[in-house]
Amino acid sequence: MNATCQGRGGDEARLVCVAEETPVAFRYNGFPYAVMMATPDDVEDFAVGFSVSEGIVEPGSRLPDIEVIACDDGVTIDISLDGNDLHRYLATRRVRQLRGHTSCGLCGVQDLDDIARPPLRVRAAAALDPDLILPALDTLRQWQPLSRQTRGAHASAWVGPDGALQMVREDVGRHNSLDKLIGAMVRGGSAVDAGFCLITSRCSFEMVQKAAAAGFPALVSAGAPTTHAIRLARSAGLSLYSLSRDGQPLQFTSPESLEEPICPEPAS
């Protein structure tokens, strides 16, 4: 949307583009699950990606039926599960009791037990070439129209083994942008056995959790990871990189790094 604001000194009005932030409610077979604050674009990608990263839908299973209902108060996504996905959801059903803010992936979780997920191991893949990271990040800036217009959005991208960007999704929330990317790739049947996921944000453990749930072999973040993110990436066999203060790639984990220290070595 557009908004009018005052320039420096209050003597000049200017029109600026502002990112949308809308409540998005998730319902599974009629049961309410969560309300997330998100940019109301690529909503069906969001529905599938959120379901995969929450462990409700497996990446290889049949895509659920999705109905998107928009109203003045926000967007409701009705997702119809069947088969194993429905059985899994009913057996492990939880409800987030609070609104999920754009900055947090755990809003509404009431107990520490709700954070833990079954241990995941991603499939081994070819080693990531660190020389591909900086060119991919430079290219990604050209694929971020929402960020360019508003300066208020994160992006998540899938980068092929040759370093070429294949898919990008944006959102005001970093978790949401990754969910949308995951959903777009699942819906498109995109392979994840080679390449890496690139995110423009910092890397908390939820971002690693989502990447592992999607089967991504490698995750690269523009911002530094947390210790919890590193430990989770290590246990999942996921290669984790971020950029140093001078913009150089740092490797924190690799598929063989089960006992490596937390502090990284410069990528070589």
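A: In this predicted model, the buried residues of helix α3 pack against the strands β8 (154-159), β9 (165-171), β10 (196-199), β11 (218-221), β12 (239-243) and β13 (249-253). Helix α3 covers residues 133-140, and its buried residues are Ile133, Ala136, Leu137 and Leu140. Looking down the axis of α3, these buried residues fall within an arc of 100°, so they line one face of the helix.

Now the aromatic side chains. There are eight aromatic pairs. In one of them, the ring centres of Tyr33 and Tyr89 are 6.3 Å apart and the ring planes stand at 55°, so this pair is tilted. Tyr33 belongs to strand β4 (residues 31-38) and Tyr89 to helix α2 (residues 83-91), so the pair ties together parts that are 56 residues apart in sequence. Tyr33 counts as buried, at 4% relative accessibility, and Tyr89 is buried with a relative accessible area of 2%.

Trp158 and Phe216 form another tilted aromatic pair, with 4.9 Å from centre to centre and 40° between the planes. Trp158 lies in strand β8, while Phe216 lies in the loop between α6 (205-214) and β11; the pair links distant parts of the chain, 58 residues apart. Trp158 is buried, with a relative accessible area of 1%, and Phe216 counts as buried at 1% relative accessibility.

Tyr33 and Tyr89 are also members of a cluster: ring pairs link them with Phe26, Tyr28, Phe46 and Phe50. Over the ring of Phe46 sits the charged end of Lys180, 5.9 Å from the ring centre.

Note on methods. Residues numbered from 1 in each chain as written. Predicted model: local features only at pLDDT ≥ 70, side-chain atom pairs only at ≥ 80, totals over all residues. Heavy atoms only, no water. Buried < 20%, exposed > 50% of the residue type's maximum accessible area, 1.4 Å probe, protein only. Helix = DSSP H or I, 4+ residues; strand = E, 2+ residues; numbered from the N terminus. Arc of directions from axis to C-beta. Contact = heavy atoms within 4.5 Å. Phe/Tyr/Trp six-rings, centres within 6.5 Å; stacked < 30°, edge-to-face > 60°. Lys NZ or Arg CZ within 6 Å of the ring centre and 35° of its normal.
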